Amino acid sequence: MRIRFFTISSLLLMLGSLPGLAQLLFSPATPDNSTTPKWTEVFPETNPSARISPAMVYDAAAGKVVLFAGLGPDANFLSGTFLWNGHNWTQEHPATHPSPRYLHSMAYDGGAKNVVLFGGLGPTLNLLGDTWVWNGSNWKQEHPKNVPPARIASAMAYDSSDNKVVMFSGQQMLKAGPDTWVWNGSNWTQEHPSETPSDREGHAMAYDTAKGNVVLFGGIAADGTVESDTWLWNGSNWSLFKPAHSPSPRSFHTMAYDSVRGKVVLFGGADPNNNPLNDTWVWNGSDWTEEPNTGQPAPRFSQAMTYDSSHGELVLFGGQNKQGYFGDTFVWK
């Protein structure tokens, strides 16, 4: 469903129905498809609290997964920074950090060797348009010359071929159409491709290292249609790809590039009727294939997922379904 904040009358109404996304990242490696991966729940000694729509990426410079903020039960806007070392979560206490939020986007900037964060929804239902970077120990707010309009539920991925972070669409207060922005480590620039996906929110993106392009799937279009389209970004233009097979229409799912297998992995999301999903699909650069769901997490949307290059596994945290919010951790390897 498409939430329009200038008509919303109740915070609880929004919180009860709005999924969230997270953003994801690659780390190059030699593909290995000799084993069939499976989902496994892990039980670390410490864990972030249950939440929806945090953002989570792998910090390649530090060799750890970074999770920031999200929305907890009872409309609790969070601002904590957590690190995953492959075995346990630890909460960091940086001197500075972004304000509480959820539905923000993050990606690892391989050129600048830091994590970049943009936007989200604040506690007063304000759409945010600030840019922050994480250097492994502290957050710093950036003040670029060009700033994208404030937004929520956008998607971001690092395009290593172009050495830039790509951000596409999301919900804004006033909008003339879909927009594509790139971050070069110090400034935002709006791109003007000749072809583009429709305006949407709750979509997911990941960089396909094997093919050298950014992959976008699904989301909710401006007219409320839940999409099942696959788009590719080559650094200057979007192109619609029509594979023989495809995941069903969905929003607020998660995607990440598995560098061990050389494929983009998609998990879960919400179907057009807002029912949670827990299917796993992989993209090999030309087609989607559904994976056997061995030990899969419970159906959910608004979770966060990224690829932990240090341990060769996908990490998934949180999300929600009709029973409530999750605070569990799963790995896929």
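Tutor: A word on terms: buried means under 20% relative accessible area, exposed over 50%, and partly exposed in between (1.4 Å probe, protein chains only). By that cut-off, buried residues make up 58% of the 333 residues in the protein chain. This is a predicted model, where local features need pLDDT of at least 70, side-chain atom pairs count only at pLDDT 80 or more, and totals for chains, interfaces and linings use all residues. Residues are numbered from 1 along each chain as its sequence is written, and side-chain values use heavy atoms, with hydrogens and water left out.

Student: What does the secondary structure come to?

Tutor: The protein chain has 1 helix and 27 strands. Helices (H or I, at least four residues) and strands (E, at least two) are DSSP runs, numbered from the N terminus.

Student: What is the strand order in the open sheet of 4 strands?

Tutor: The order is S1-S27-S24-S23, with antiparallel pairing; two strands pair if DSSP finds at least two bridges between them.

Student: Which strands stand at the edges?

Tutor: Strand S1 (39-42) and strand S23 (304-308) do; each has a single partner strand, so one side of each is left without a neighbour in the sheet.

Student: How many bridges join S23 and S24?

Tutor: S23 pairs with S24 (residues 313-317) over 5 bridges, in the antiparallel sense. Met-305 stands opposite Leu-316 in S24.

Student: Different topic. Is Thr-180 buried or exposed?

Tutor: Thr-180 is buried, at a relative accessible area of 1%. It lies in strand S12 (residues 180-183).

Student: Which residues is Thr-180 in contact with, leaving aside neighbours within four places in sequence?

Tutor: Taking contact as heavy atoms within 4.5 Å, the list for Thr-180 includes Val-166, Phe-168, Glu-191, Trp-233 and Trp-238.

Student: What does the side chain of Thr-180 do with the side chain of Trp-238?

Tutor: The two side chains make a polar contact at 3.0 Å. A polar contact is a pair of N or O atoms within 3.5 Å; within protein, one must be able to donate a hydrogen and the other to accept it, and residues adjacent in sequence count only if both atoms are side-chain atoms.
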